[in-house]
Amino acid sequence: MVQMNCIQPVLKVTNILKRGGLYPNSTVTKAQLVQLTFHFCYYLLIAMSLLMNVMKGLKAHNEVALNRMLCVVVPVVNLMAKIVTILLNEKYVLSIVEDLASSTFNRHSEKLNNYIKLVYRISELMWKYYTLTTAAFLLITAVLPIMTNIETIMIPPPFDFGKYDVIYKIIHLITGIYLGVSSICYDSLFMMLMAICVAQLYILSDRLINIFQDAKLSWRNNSNKTVDIKEIQIIKECITLHETINQ
């Protein structure tokens, strides 16, 4: 069986973020700069709209409306914080992802590679779950108000659109999709990185427990080196893996 590289579970998410311009790059092109400017302006408009609704709730002493808006503001601010954190720490993030493809994280047996395959299966399952729940949420909160007169489940517009109210509903739908996809990608990325880290700890533990058996097996396949030298080599590899995980 073909071994799975540690970077494979995160490839789908990173590719989507790269296309959207929300993934850090060592060199920023003009196209990426335009994308970042668009995202900044879009999030600024979203923040201003939410803030205006919060201020309206405070002035009207409308606790129900204020609670609804705060329930929306908290996850949006949380998402913005994730994006800013990743973009500000781009070198660190890129270093982590590069380590996943390195030989340090992929120098293990086919048996131990099952840990990585398990992470991949879980990541695929979680991706489908996030996508399904987000699609259901958008269907209820965005699409339904466009087709019916139920508007209480929508975020109220910051000002009256009058006869152009349908424009706000379309913007509401687009924004929901935009925020939903961004949230899915970042939450999935963080989850997968933590899962891979746990898998590597299991691999490290297994290799330390079975040092003698692995060294003996390696010696049988290559008798040029003694068992003791093989053990030292495996210990060095485990130390390197441990240091890389801690970084």
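Trainee: Where does T131 lie?
Mentor: T131 sits in helix α6; helices here are DSSP runs of H or I, at least four residues long, and strands are E runs of at least two, numbered from the N terminus. Keep in mind that this is a predicted model, where local features need pLDDT of at least 70, side-chain atom pairs count only at pLDDT 80 or more, and totals for chains, interfaces and linings use all residues. Residues are numbered from 1 along each chain as its sequence is written, and side-chain values use heavy atoms, with hydrogens and water left out.

Trainee: Is T131 exposed, partly exposed or buried?
Mentor: T131 is partly exposed, since its relative accessible area is 34%. Buried means under 20%, exposed over 50%, and partly exposed in between, with a 1.4 Å probe and protein chains only.

Trainee: And how many residues apart are T131 and I184?
Mentor: They're 53 residues apart along the chain, yet 7.2 Å separates their C-alpha atoms.

Trainee: Let's zoom out. How many helices and strands does the chain have?
Mentor: Nine helices and zero strands. Of its 247 residues, 34% are buried.

Trainee: What share of the contacts in the chain is between residues 24 or more positions apart?
Mentor: Counting contacts with a separation of 6 or more, 74% come from residues 24 or more positions apart. Contact means heavy atoms within 4.5 Å.

Trainee: Switching to charges: how many salt bridges does a search of the whole structure find?
Mentor: Two, counting a side-chain nitrogen of Lys or Arg within 4 Å of a carboxyl oxygen of Asp or Glu. One pairs K12 with E124, with the closest N and O atoms 3.2 Å apart. K12 is in helix α1 and E124 in helix α6, so this pair ties together parts 112 residues apart in sequence. K12 counts as partly exposed because its relative accessible area is 35%.

Trainee: What does K82 form a salt bridge with?
Mentor: D187, and the closest N and O atoms are 2.3 Å apart. That pair also links distant parts of the chain, with K82 in helix α3 and D187 in helix α7, 105 residues apart.

Trainee: Is K82 buried or exposed?
Mentor: Buried, because its relative accessible area is 17%. D187, at 24%, is partly exposed.

Trainee: Which other residues of α3 are buried?
Mentor: Besides K82, the buried residues of α3 are L66, M69, V73, V76, L79, I83 and I86. Their cover includes α2, α4 and α7.

Trainee: What about α2, how far apart are its end C-alpha atoms?
Mentor: They're 43 Å apart, which agrees with the 44 Å that its 30 residues should span at 1.5 Å a residue. The expected span is 1.5 Å times one less than the number of residues. Buried residues in α2 include H39, Y42, Y43 and I46, and what covers the buried ones includes α1, α3 and α7. Just after α2, H61 takes a positive phi of about 55°.

Trainee: Now T175. What does its side chain join in a polar contact?
Mentor: The side chain of Y42, at 2.8 Å. A polar contact is a pair of N or O atoms within 3.5 Å; within protein, one must be able to donate a hydrogen and the other to accept it, and residues adjacent in sequence count only if both atoms are side-chain atoms. The T175 side chain also reaches the backbone oxygen of I171 at 2.8 Å.

Trainee: Why does T175 count as buried?
Mentor: Because its relative accessibility is 14%. T175 is found in helix α7, and away from its neighbours within four places in sequence it contacts Y42 and I46.

Trainee: Last one: which residues lie nearest the centre of the largest pocket?
Mentor: V72, V76, I155, T175 and L179, among 40 lining residues. On a 1 Å grid over the protein atoms alone, a pocket is an open set of points where a 1.4 Å probe fits, with protein on both sides within 12 Å along at least five of seven lines; lining residues have an atom within 4 Å of a point. The largest share of that lining, 10 residues, comes from α7, while α2, α3, α6 and α7 each supply at least two.
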